[in-house]
Amino acid sequence: MKHLRSLGLILSVGIVMTSLIGCGGQSGRPSDQSNSGTGTAAGKTAEEAAVKPVTLGIIDVAGSLQLVQASIDEFVSKNPDIVSDVEYIKATAPELASKLKAQQTANNLDTALIFTGFDGLASGLEQDVWEELLPKHVDALPNIEGQLLEGAKLAFDIGKGYAIPHAFCPGGPMFTYNPDMVKEVPKTAEDLLAFAKANPGKFLYARPSNSGPGSAFLQGLPYILGDTDPKDPKTWDKTWAYLKELDQYIDYYPTGTGITFRELAEGTRWIIASHMGWDMNQRILGTIPQTFQGFFLDKSTWVADANFVAVPKGLTEDKLNATLKLVAFLMTPEQQAVTYDSGYMYPGPAIKDVPLSMAPKDSQDKVGAAMRDEYEKAIKDIPTGTQLEPEALVEAYDMWDKLVGAKVKK
């Protein structure tokens with residue numbers, strides 16, 4: 001039942017077919033999904049029974065499938081009358097909104113659900129591609145907002161009801177390093193710059209618009225450096241000056257976080273921008289040795305991270321109904337416990353009262369072994385902030401691209 005397709009191929013074929021047959025747009029709101037009334041077998045009304053199971057196209061631009069794919073497959077196996085098949089598609093955040101917009105313009109929307117971080121969410125809000133989830137569909141998604149953890153609720157508020165955080169992590173900025181190569185661990189932003197200057201090419205962070213840790217580093221520096229307004233990138237005089245100077249000692253900016261961890265493991269880099277989930281996950285998976293360590297800079301504020309579920313506007317009624325049912329399933333405590341996984345979004349659950357003891361035994365063992373006292377202390381002691389508002393985040397990425405990031409690999 002699982003398929004993986006190229007997003008570009010999907011789009012191009014869809015546009016060509018649309019131009020040939022001129023199909024019209026379709027949209028709708030979910031009907032009452034209650035099974036408690038009278039009607040056909042299994043308590044379904046005649047209208048519900050007449051709806052055929054649908055195929056759902058799911059795009060992941062946040063690496064969420066490693067957290068939720070097993071849950072999605074479980075939902076499909078339990079609900080063959082609702083969903084007949086799922087096609088999993090991987091893409092990058094910068095291309096997401098324009099691809100969805102093109103499908104919607106062509107009236108050929110075959111994507112039903114998106115897993116995204118703040119980057120894809122922000123660009124999608126800017127291009128108006130998202131279906132409002134709450135409060136518009138509160139009947140299908142009851143009490144989700146009230147169950148969210150405090151940090152996850154702040155993330156939800158940034159999404160303005162157009163997306164729901166399904167996984168939550170304190171985020172970053174933090175840094176992962178090789179203790180065999182780094183004997184004096186930086187404590188301040190000035191120390192990190194001095195390290196980069198003394199060891200050209202040994203510090204690395206990924207392009208912020210493609211990377212949670214890269215984005216956290218960018219958004220966290222205004223707090224660390226004391227810029228006038230950490231929420232307004234136009235006021236980040238100290239941050240932009242710092243990043244320009246740091247740029248002299250950085251070889252290139254990878255297009256994904258995984259590349260930075262592989263180069264750290266290989267010894268090409270000695271320190272990389274990281275965040276709590278990535279550090280935990282990459283040690284659990286063995287990408288980097290368990291002996292590698294993490295550190296935090298003075299005056300840090302957590303730029304909390306979240307992965308969201310979002311739905312594009314324009315779905316047919318049956319696909320929208322099925323998608324909302326899937327979202328509701330993913331937000332149940334039992335499925336939220338699965339997000340502990342291998343520490344990718346540590347802790348993981350976005351709702352309250354989901355302890356590690358609820359997670360599968362394998363996750364309990366792996367995450368428990370990777371937990372560190374200093375990390376738990378940092379979660380408690382470092383103040384928590386939020387990501388930038390969507391428009392400001394897009395602006396910050398654009399400014400970084402223009403002022404800092406135009407560099408090819410050496």
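Trainee: Which helix gives the most to the lining of the largest cavity?
Mentor: Good place to start, and keep in mind that this is a predicted model. The lining of that cavity is made up of Phe118, Gly151, Leu154, Ala155, Ile158, Phe168, Ala304, Asp305, Ala306, Thr386 and Gln387. Two elements give two or more residues to it, helix H7 (150-159) and strand E10 (302-310). The one that gives the most, with four residues, is H7.

Trainee: What volume does the largest cavity have?
Mentor: The structure holds one cavity of 30 Å³ or more. By class, its lining has seven nonpolar, three polar and one charged residues. The volume of the largest cavity is about 40 Å³.

Trainee: Let's turn to the open sites. Which element gives the largest share of the lining of the largest pocket?
Mentor: The largest pocket has a volume of about 660 Å³. Of the 36 residues lining this pocket, Val61, Ala62, Gly63, Asn210 and Tyr344 are the closest to its centre. Elements that give two or more residues to the lining include helix H3 (65-78), helix H4 (93-105), helix H9 (212-225) and E10. The largest share is four residues, and it comes from H11.

Trainee: Is Thr260 buried or exposed?
Mentor: Thr260 lies in helix H11. Beyond residues up to four places away in sequence, Thr260 touches Leu204, Tyr205, Ala206, Pro254 and Ile272. The cut-off for buried is under 20% relative accessible area. Thr260 has 1% relative accessibility, so it counts as buried.

Trainee: How are H5 and H17 set relative to each other, roughly parallel or roughly perpendicular?
Mentor: Helix H5 (residues 118-126) packs against helix H17 (residues 390-403) with the axes 8 Å apart and an angle of about 110°. Angles of 65 to 115 degrees count as roughly perpendicular. H5 and H17 are therefore roughly perpendicular.

Trainee: How many residues of the contact of H5 with H17 are nonpolar?
Mentor: From H5, the residues are Phe118, Asp119, Ala122, Ser123, Leu125 and Glu126, and they meet Pro390, Leu393, Val394 and Tyr397 in H17. One residue of this contact is polar and two are charged. The nonpolar ones number seven.

Trainee: Where is Trp130 placed, and is it buried or exposed?
Mentor: Trp130 has its place in the loop between H5 and helix H6 (144-147). Leaving aside neighbours within four places in sequence, its contacts include Leu96, Leu100, Ile114, Tyr162, Ala310 and Pro312. With a relative accessible area of 2%, Trp130 is buried.

Trainee: What separates the C-alpha atoms of Trp130 and Ala163?
Mentor: Along the chain, Trp130 and Ala163 are 33 residues apart.

Trainee: What is the separation between the C-alpha atoms of Leu356 and Ala337?
Mentor: Leu356 lies in the loop between helix H14 (333-337) and helix H15 (361-370). Among the residues that Leu356 touches are Tyr340, Ser363, Val367 and Met371. Leu356 and Ala337 are 19 residues apart along the chain, and their C-alpha atoms are separated by 7.1 Å.

Trainee: To finish with the whole chain, what percentage of contacts between residues at least 6 apart in sequence join residues at least 24 apart?
Mentor: The protein chain has 17 helices and 11 strands. Of its 410 residues, buried ones make up 54%. Among the contacts you ask about, the share joining residues at least 24 apart is 80%.

Key:
Residues are numbered from 1 along each chain as its sequence is written. This is a predicted model: local features need pLDDT of at least 70, side-chain atom pairs count only at pLDDT 80 or more; totals for chains, interfaces and linings use all residues. Side-chain values use heavy atoms; hydrogens and water are left out. Axes are lines fitted to C-alpha atoms, for helices over the stretch in contact, and angles run from 0 to 180 degrees between N-to-C directions. Angles under 35 degrees count as roughly parallel, over 145 as roughly antiparallel, 65 to 115 as roughly perpendicular and the rest as oblique. Contact means heavy atoms within 4.5 Å. Ala, Val, Leu, Ile, Met, Phe, Trp, Tyr, Cys and Pro count as nonpolar, Asp, Glu, Lys and Arg as charged, and the others, Gly among them, as polar. On a 1 Å grid over the protein atoms alone, a cavity is a set of points where a 1.4 Å probe fits but cannot get out, and a pocket is an open set with protein on both sides within 12 Å along at least five of seven lines; lining residues have an atom within 4 Å of a point. Grid points are joined across faces, edges and corners, and a volume is the space filled by probe spheres set on the points. Buried means under 20% relative accessible area, exposed over 50%, partly exposed in between (1.4 Å probe, protein chains only).
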